[in-house]
Amino acid sequence: MRLVRAAVLTTLAIVAAACQKKSASDTILIGHVGSLTGAEASFGTSTENGIRLAVEEINARGGIKGKRVVVKTYDDQGKPEEAAVAATRLITQDKVTVLLGEVASSRSLAMAPIADANQVPQITPTSTNPRVTKDGDKTRPYVFRVCFIDPFQGTVMAKFARENLKLERVAILRDVGSDYSVGLADYFKKKFEELGGTIVNDQSFKGGDQDFKAQLTTIKGKKPELIYVPGYYTDVALVARQARELGIKVPLGGGDGWDSAKLYEIAQGALDGSFFSNHYTHENPDPLIQNFVKRYREKFGGTPDSMAALGYDAAQVAFAAMARATDLSGPAVRDAIATTRNFPGVGGTITIDSDHNAVKSAVVLGIEKNKARFIATVNP
Amino acid sequence: MTEFLQHLVNGLSVGTIYALVALGYTMVYGVLKLINFAHGDVYMVGAFAGYYLSELVGVRPPWADPPPGAGEVFVKATIVTMGAMIICGLLGYVIERFAYRPLRHRARLTALITAIGVSFLLEFGFQLSPLVHTPIEFPPGPSPRVFPALLERVGYEWAGVSLSNYDIIGLLVALGLMLGLQFIVYRTRFGTAMRAVSFDSEVAGLMGIPVNRIISWTFILGSALAAAAAVISAVSRPRIEPLFGLMAGLKAFVAAVLGGIGSVPGAMVGGLVLGLAEEYVAGYTDSSYRDAIAFTVLILVLLIRPAGLFGRFTVEKV
Amino acid sequence: MSIATLELEGVTVRFGGLKALLDFDLVMQPGELVGLIGPNGAGKTTAFNAITGVYQPTEGEVRVGGSRVNGRKPHQICARGVARTFQNIRLFRELSALDNVRIACHARAESGFFDALFLTGRHLREEARILSRAEEYLEVMGLGHRRDEVSRNLPYGEQRRLEIARALATGPKLLCLDEPAAGMNAAEKVELMELIRSVRDRFGIAILVIEHDMRLVMGVSERLLVLDHGCTIAAGTPAEVRRNPRVIEAYLGDAYLEEKQIAVPLPEGSP
Amino acid sequence: MAPLRQLLRSFLPFLVGVPVLLSAQWAMEYSGSQAYTLLLVTVGVNVILAVSLNVVNGATGQFSLGHAGFMAVGAYTAAKITLGLAGFKLSFLPAAVSDQLFFALALAAAMAAAGLAGVLVGLPSLRLRGDYLAIVTLGFGEIIRSVIENMKSLGQATGLSGLPLRTNLVWVGVSALATVVMARRLSVSTQGRALFAIREDEVAAEAMGVDTTGYKVRAFVISAAYAGLGGALIAHAILLATPRMFTFVRSIEVVVMIVLGGLGSITGSVVSAVVLTLGLEALREFQAYRMVVYAALLIVLMLLRPQGIFGTHELWDLPFFKRRGARKDAGGAARAGGAP
Amino acid sequence: MSGPILEVRDLRVDYGGIKALRGISLEVPEGEVVALIGANGAGKTTTLRAISKMLRPVTGTIRFRGEDVTRLASHQLVARGMAHGPEGRGIFLNLTVSENLRLGAYLRRDLAGIQADAEKAYALFPILAERRSQVSGTLSGGEQQMLAVARALMSRPRLLLLDEPSLGLAPQVVERIFAVLRDVSATGVSLLLVEQNAHKALQLAHRGYVLETGQIVMTGTGRELLASPEVRKAYLGE
């Protein structure tokens, strides 16, 4: 019994200690909710790295309104409930000024009502589902994003495939477990069919699967000219390898989830000839981008993926808005974020529209010799 | 027809991996009647052990210049595989010794919870960002790592059906291991002792069987098998990350149950059946229900044969 | 004549190719005390299992109180008035003696889950009734002082008695005892014999008992059936059976007669 | 009169509990501090899940690993109803009351739907035991999730979002109380003892007249219904129902709670659900190390106290309370009325 | 006569707070048969289990063939020449009859000797020979008991502990088992026997101990105990 009592007391003590907040008026606290553990830890960690880089830079430049920026990150294990609890804790106990996160739309959706209710602006780096910034038909007043929404990317690629490449027959392989992937696939399909193309096959896998040959074999039988695989690089690289192993020679297409150095490392050339939509390209000589890539490499090693870039952008948009805002209250910062125009982000020039979505152009990248090459810019 | 055969090849290829993991699972289960929840994670550790060992011995990919010779490939592949098996064997020993043995005489669910604890410890421990950077980065962190190509993939195509040396080697190794295990379990003194311990460890002690040693060796063997499976799987599907053992472990559990837990050929057949079932379901019906239908198949099989395909359903003596 | 408590007619039980029980006939009248003996593996427990519904007879018919119970589940047969004990004690080990008996009273309970969750009057009355009945059975079996003891901690002999109390609590018309004296010493066996008789007299139920201890089973039974390899090889009064050469050959052994008669005189009341 | 007293007694825990919860909720709202509300909701939901799973795993001794599946059924059923009724209002009632009534309806439907799913999952338990049953229940949970993931009308991977905020401390508190009262009343009733009998020895239970098949299914149904309630509550607290919330890892978390609390102990489940949830929250500061610490604690706790916090006992069985209460055991009936 | 093969001093065992043995001391002289009798729950089985380390005594020393073996594990005791036929027979029902027998000789390396002993066991119990390749789960209770005895002998023990060899057996089988035990004893193997059938046990035993609630309350030669009025009343049912 003593053990139980000890356990309870310790727990209470820790909770109490955790609730003590250090209030220092010379710092600005921003919160980040991300999946640092769990199946999507790799994405959450990337975003976290991007944010940390942005914070380091802003502090090097003297902070905001003379105050140092401090970021506090809570892990949500990739669970929506956890994301909600973490967001509540950041807002109500840690009193953050701005909330960043989450990578996945389902988690951002769990955080959004909390941000709204407490009037703390939330910027999600990569949640692409249109509903994240919507409450029914209304736009959520405090929720913003710096990424594309699903309809945009899906449509862009459908148009590119149909109009630029003049493709007739496309197969889809989507990750049913990911709202992002399903969203892109749905909008791609809609647009592609609208433009007179045919979706010859629509297959599914689940993120983390090791084997995709069953779906690919069936797809192969339908003789598509392109396989659209909107998914994350972790799976796509294996999909590509297995497609080639089955003798499928047609290109693969995808979205910004592909963007990572790991993609090429795992795929080993299997993706040559394929293309995907993205926010930016590492090769863009723009000093902003080059500087980001260089500094990221120095700090964390490895090339930043799109998750890192967008995390960086989300933080930058927030900092710029806080700098512009009259004061650091929630409504003031919110108003400042909402009026972001032509903000030069790593992932493109961001303008926040009335739906709180980022309006920015996309690039289509092609893969040759296991490297991404810029092909085209697509404007919204 | 081509498609049907291709699915057959694919299904066997996936099923082989399931079977390989399930073999280790079933060994451990057979002797302790413990759902070794951490088995999938030992499998994961096996893949990472192989990965790190490849870095240490400097495995060069087949496309390197100059390409590695056959001898070099063989030596290095052997070192990597054997090394991974030894590391996992040790890990299995440690897990058994410190997390399971103290609870052996407790309710079985108790050991299940420590198994879950070990599983979480390995998964989340490996997900931590690297603390050690040279000579190897450890822990590997959450983002996937690429398993080096120990052996060049050679693809064969026959009437439009493609398969590779990876698939063939995997299947042969799995079959070999199955026969080897079957031999060990039914033909050796160690195997008889194992079965005795499995039935009643107390009485086994009365026969002069060193029960702890037998259980430890079973764990070591099962864990080493997991490592072998991991290396074989990782060579052909070279993406490894700290959570990838979770699903593999679950599927292996399903395969072992399907075949009849504790039965060596059962694990093999269970793995292959599961692989084929998934393959044909995904290939010919709706691939979005792949997992659901795999589980449905399992449920149906168990409803018809409550102890799995090869399990002996013992009517309780009243 | 009244309706027989139990009738088995040509009951055969097969497991795969193995015939565990062959063409078995048995009629038990209310209040009868019958012994079932035979070598290990002769099919005695199989007969019990066929009666109580654990196994379904491959052929033949089992009737309890005149109605056919083939295909019924054990709990349904129990509800018709057949209760049993087990060869290797099967108490609810972690539960108290009282709860063991109360569970058996459940067979006759009328309240349901809803009543239990909302504490309806019916539920409360039911619980009170079950409690008083359970305590009564514990008293009868001399276990009143053990009511709150976890049954696994009871001494062996008391566990055997508790099993009988539990069986009685289902309100049976027929009680089947499977080797009730196994593991008891001679003194305890004598006590048990008394107990079996008194249970029969007090509750007026029929009792069918499997037992290896000849002294006990011959002392207590009015009629004996001898099984070997699933077949009935002899039936009759204990005295008849004991002299039956087939029984001696298959079961008792030659040594038995001489030795037992010298060493331990049979108790009074036995023929 | 007797019926009235009967009714009073039946609802006594709620007559005491509801005012307490109402004032707690009021205090929370009044002080403007919503900080702990969501945390308390998760605690409450975990209590519901743990105590209800204990009915199957602890009391009946069937090894179920599919609790998350039932949560999902409950959550989606309730979400569909509240979303469907979003525009409606009972005109003769104030809006808030009307909303809460609809929510009550949604919760009831969630329990019913999850209970139905419980029948489905309970059926294999008639033929399967132990680990075989565990894998099948786990499979059912995954099938449920997989089906949801593929249903357009259920929002596929994104799930149903934009649910109205309905869950509050009162709902969660009452539900947790109802779960505990259910488990407690069951455990001292003849029905509950029938479940224990199944756990202890199925063959003997059957022979003693317990309809083991029927009772196993009933245990599954009750347990599933309350899991559905938990799912509905959490969905209306974070205003979202997605398949991600109901993975088999969630089921495993609940199993961990009940084993850690002491299998079969109601108070053990409650205490361990509370401690684990709060403990994990307290560890949040450790970021990625949190789960490593949690895993290590899990192993150490199990090694130190293999029978769980309370073993199979209840809080009121501990010597401390025994001495105080000197409870006269006037039999199950009186006991059933007394606690919790 | 040399010293006792087994010497137990002040053995105490607790089962979760319940004192199962309260200080048992006993001796088994080399080559003799010793019987432990007593009511159910008196601690007879516990005594055997504590001696062969199926459970750990709280205190007490056990000397076997002059060596202090108190700290050794079950399998080490087997190596030193002790065999234990446990309560409930302890047959590995998932193994065949011949595998069970071979397990009895697990620590022996002389394959020819093992084979010879197995044949001897089959000769002793011909029914086992008929079933040697059957899974032992299919054996009847009597056959299992024979197998248990035969298996215990396979390690060529110097001391054999047997727990209730006659439990649940038909009278004829009981006779057979006791006849075998008499033969075994004649070959010089010492026996420590727990038996409910006090009559038969004491007839066979050179010496007997009577246990009551975890203590030894009486001891004497088999004949003495058989003649003792207390024993006759309490354990022989007279």
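**Exercises on contacts and rings**

Across the interface of chain D and chain C, 11 residue pairs are in polar contact, both residues at pLDDT 80 or more. A polar contact is a pair of N or O atoms within 3.5 Å; within protein, one must be able to donate a hydrogen and the other to accept it, and residues adjacent in sequence count only if both atoms are side-chain atoms.

This is a predicted model: local features need pLDDT of at least 70, side-chain atom pairs count only at pLDDT 80 or more, and totals for chains, interfaces and linings use all residues. Residues are numbered from 1 along each chain as its sequence is written, chains are lettered from A and ligands numbered from 1 in the order in which they are written, and side-chain values use heavy atoms, with hydrogens and water left out.

**Exercise 1.** Describe the side of chain D that touches chain C.

*Step 1.* List the helices (DSSP runs of H or I, at least four residues, numbered from the N terminus). In chain D, α1, α6 (169-187), α7 (190-200), α8 (202-207), α9 (212-238) and α14 (332-338) each supply at least two residues.

*Step 2.* Pick the top giver. It is α7(D), with 8 residues.

*Step 3.* Sort by class. This side has 18 nonpolar, 11 polar and 10 charged residues. Nonpolar means Ala, Val, Leu, Ile, Met, Phe, Trp, Tyr, Cys and Pro; charged means Asp, Glu, Lys and Arg; the others, Gly among them, are polar.

*Step 4.* Count residues in contact (heavy atoms within 4.5 Å). Here 39 residues of chain D meet 36 residues of chain C.

*Step 5.* For chain D and chain C it is about 3,300 Å², with 65% on carbon and sulfur atoms.

*Step 6.* Look for salt bridges (a side-chain nitrogen of Lys or Arg within 4 Å of a carboxyl oxygen of Asp or Glu). The rule finds 2 between chain D and chain C. One of them joins D:Asp201 and C:Arg90, at 2.7 Å from N to O.

**Exercise 2.** Describe the contact of chain E and chain B.

*Step 1.* Count. Chain E gives 23 residues and chain B gives 20 residues.

*Step 2.* Give the area. The two chains bury about 2,000 Å², 62% of it on carbon and sulfur atoms. In chain E, the residues that lose the most area to chain B are E:His75, E:Phe92 and E:Tyr106, together 33% of what that side buries.

*Step 3.* Check the charges. There are 2 salt bridges between chain E and chain B. E:Arg49 forms one with B:Glu202, the closest N and O atoms being 2.8 Å apart.

*Step 4.* Name the helices. In chain E, α2 (74-79) and α3 (97-104) each supply at least two residues of the side that touches chain B.

**Exercise 3.** Classify the ring pair of B:Tyr43 and B:Phe244.

*Step 1.* Set the rule. Rings of Phe, Tyr and Trp (its six-membered ring) pair if their centres lie within 6.5 Å; planes under 30 degrees apart are stacked, over 60 edge-to-face, the rest tilted. Over all chains, the whole structure has 34 aromatic pairs.

*Step 2.* Apply it. The ring centres of B:Tyr43 and B:Phe244 are 5.4 Å apart and the planes lie at 35 degrees, so the pair is tilted.

*Step 3.* Place the residues. B:Tyr43 lies in helix α2 (residues 39-57) of chain B and B:Phe244 in helix α9 (residues 244-259) of chain B, so the pair ties together parts 201 residues apart in sequence.

*Step 4.* Buried or exposed? Under 20% relative accessible area is buried, over 50% exposed, in between partly exposed (1.4 Å probe, protein chains only). B:Tyr43, at 1%, is buried. B:Phe244, at 5%, is buried.

Notes: Buried area = accessible area lost by both parts, 1.4 Å probe.
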